[in-house]
Amino acid sequence: MPTDPDRPNRGRRTHALPLNGSPPGTVQRVSSAWLLVPLLLVAIVVLVRTVRLAALDRLRADWGSIRRRAHDLDAIAESHASRVRELGERASLDDRTWADLNMDDVFAALDRTESTLGQHALYHRLRSAPAAASLDAFEALVARLGTDEPVRTRVRLALGRLQNPRGYDLWWLARPDAVDAPAWYVIFPVLTVGTIALAAATLRWPTLLPVLLGTAAFNVLIHFATFQRVGATSTPFRQLAPLIATAQALGGLEGPDIDAIVEPLRRDTPSLVRLKTISRWICGDPLMLSVNPNPLAMMASDGFSAVYEYLNFALPIDASGLYIGAADLRRHGAALLRVMAAIGDVDAAVSVASLRAGRADWTRPAFLPPGSVAVVHNARHPLLDGPVPNSIDLPAGRGVLVTGSNMSGKSTFLRTIGTAAVLAQTIHTVFADEYAAPVFDVRSCIGRSDDLLAGKSYYVVEVEALLGLVARIADAPPCLFLLDELFRGTNAVERIAAGRAVLEELVSGGGGASRHVALAATHDGELVDLLAGTYSACHFGDAVTDDGLVFDHILKAGRATSRNAIALLRLHGAPSRLIDRALTTATDLDRQRHY
């Protein structure tokens, strides 16, 4: 019976295959799977954008705010010492003065850097004596970062990848023997290339598989035999890739006003690109993520790292990179250190710009020729909450004696003036209404402690410190000497006599014209009379009330006239006979002093 083509096939089961031969529904399932790809890409873009926006919100929110975080001051101080020693940079503010001025605490309070490298650079700048390098360029960079928010945000995002808690203390790489890669390390790249070539050949000729396995086993033995030596030596390279990547990101900073600081970022960074590549693979983290990456990037990085660790057993990748990288480092080590200095100073400038944005009680200093009168108006100590501002003029070749009771503010005032000078000459920022002075070499003898290791009392330590100051006056630039209660550990007659001699010597420069200034705190009124020709006097007052001693912490002209020790004895219930005896003795001593 002929079939009617227009008649439906009733009762007949048919199964038509798609043209490609796939079962029914496969095309739809494949199409649905492909639809997931753009959705996944959109999700990744949204996630990355969300993370970036969160980072930008954080950067905007914490601008000008104090950043509470721990500081590894031992590591930072060693980084500074290495930089001074290896690069021959400016002499450091001496340890005694740094400690006397509580500069560790000042540094921690000022620090708003984004990176550990920036922390090291800010510390180094604060310790530069008598003044930090390229101060005008630093001020221009601070001003630009403080006013140009888009540039500032890009800079802070770039610096954010250098937050490794181990720090970026690489200044010692200036030494010729910094990285130990002896000539026999050439075996590592030979083994790496040979093993890869053998693996490729094995795909063509499977009979080579035993040879490949034997070579891989030999590589594993070499890996374990050299693991500690290679691992310790390659540690610096783990920090080079993010550092060089940051330098590339900061290359857009330019201008004749800031080139003294940032020019190495453009000039020297191109020569470091191969070091960056080597570093990325030596460390097994080719993505070089920041401290707080997004989750997808972290998963990808973990995958790369896992694969790398397995490959590194069969192929000496890290040792090969070390051998090649050591040669590059010897050729470009100086360029690397210049780039490090530039990155650190950029971050230090970020910190100072944020500091200025968060406080209104600062001013830019004015620097005067040597021999000019130093003027400090309404100076405030940066570590004090609600400090009382005080002013002082310091003529060259003269000194000022500060008198007053214990706790009246003498030592704090000395530290305030010393800190103002250090901050003016290093970060161009002073917590005062006005600061106009020559550039001073700040030296102090304020705090007291025994040298337990050398077996010296604080008196001997003080004598040695003072003689060190005296030895500097002949050839030193203008010095600001800060001295507190000289020779406290000896009898009154010798204390006054030795104190007078030292104080006169410091400002007279051995008898000739001097550019030095001395600010000294004392309880000895006799020094005010003996030094009247070279030292003026000022004091902090006090009053005895029913609540005890009351201080206003305001500096006043002239010597202190109040006598409160006996009054405090009376206030605290001392017997009347004790009070009478003390008053009689004080009267007799006053009579003898003026006899």
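These notebook entries record what I looked up in a predicted model.

**Entry 1. The nonpolar cores**

I began with the largest nonpolar core, which has 95 residues. Which of its residues touch the most other members? I found that they are Leu-243, Ile-343 and Leu-519. I then looked up where the members of this core come from, and helix α14 (residues 317-358) gives the largest share, 18 residues. I also noted a second, separate core of 22 residues, which includes Leu-486, Phe-487, Ile-496 and Val-502. As background, I wrote down that nonpolar side chains tend to be buried together in soluble globular proteins.

**Entry 2. Leu-243**

I next listed the contacts of Leu-243, leaving out residues up to four places away in sequence. Among them are Leu-117, Leu-162, Tyr-168 and Leu-170. Leu-243 also touches Leu-336, Val-339, Met-340 and Ile-343.

**Entry 3. Thr-246**

I turned to Thr-246, which belongs to helix α10 (residues 240-249). Is Thr-246 buried or exposed? Its relative accessible area is 0%, so I recorded Thr-246 as buried, the cut-off being under 20%.

I then asked which backbone oxygens lie by the polar side-chain atom of this residue. The backbone oxygen of Pro-242 is 2.8 Å from a polar atom of the Thr-246 side chain. For the backbone oxygen of Ala-158, I noted a distance of 3.4 Å to a polar atom of that side chain. Not counting residues up to four places away in sequence, Thr-246 touches Ala-158, Leu-159, Arg-161, Leu-162 and Ile-343. Ile-343 and Leu-162 were already in my list for Leu-243.

**Entry 4. Aromatic pairs**

How many aromatic pairs does the structure hold? I recorded three. I examined the pair formed by Phe-107 and Tyr-123, which is edge-to-face. Its ring centres are 5.5 Å apart, with 90 degrees between the planes. Phe-107 lies in helix α4 (residues 103-110) and Tyr-123 in helix α5 (residues 116-127), so this pair ties together parts that are 16 residues apart in sequence.

I checked the burial of both partners. Phe-107 counts as buried because its relative accessibility is 0%, and Tyr-123 is buried at 2% relative accessible area. I also noted that ring pairs link Trp-98 with Phe-107 and Tyr-123 into a cluster.

**Entry 5. Charges over rings**

Finally, I looked up arginines placed over aromatic rings. Arg-125 lies over the face of Phe-138, 3.9 Å from the ring centre. The charged end of Arg-152 sits over the ring of Trp-63, at 4.1 Å from its centre.

Definitions and conventions: Residues numbered from 1 in each chain as written. Predicted model: local features only at pLDDT ≥ 70, side-chain atom pairs only at ≥ 80, totals over all residues. Heavy atoms only, no water. Core = buried A, V, L, I, M, F, W, Y, C linked by side-chain atoms within 4.5 Å. Buried < 20%, exposed > 50% of the residue type's maximum accessible area, 1.4 Å probe, protein only. Helix = DSSP H or I, 4+ residues; strand = E, 2+ residues; numbered from the N terminus. Contact = heavy atoms within 4.5 Å. Polar contact = N/O pair within 3.5 Å; in protein donor to acceptor, adjacent residues only side chain to side chain. Phe/Tyr/Trp six-rings, centres within 6.5 Å; stacked < 30°, edge-to-face > 60°. Lys NZ or Arg CZ within 6 Å of the ring centre and 35° of its normal.
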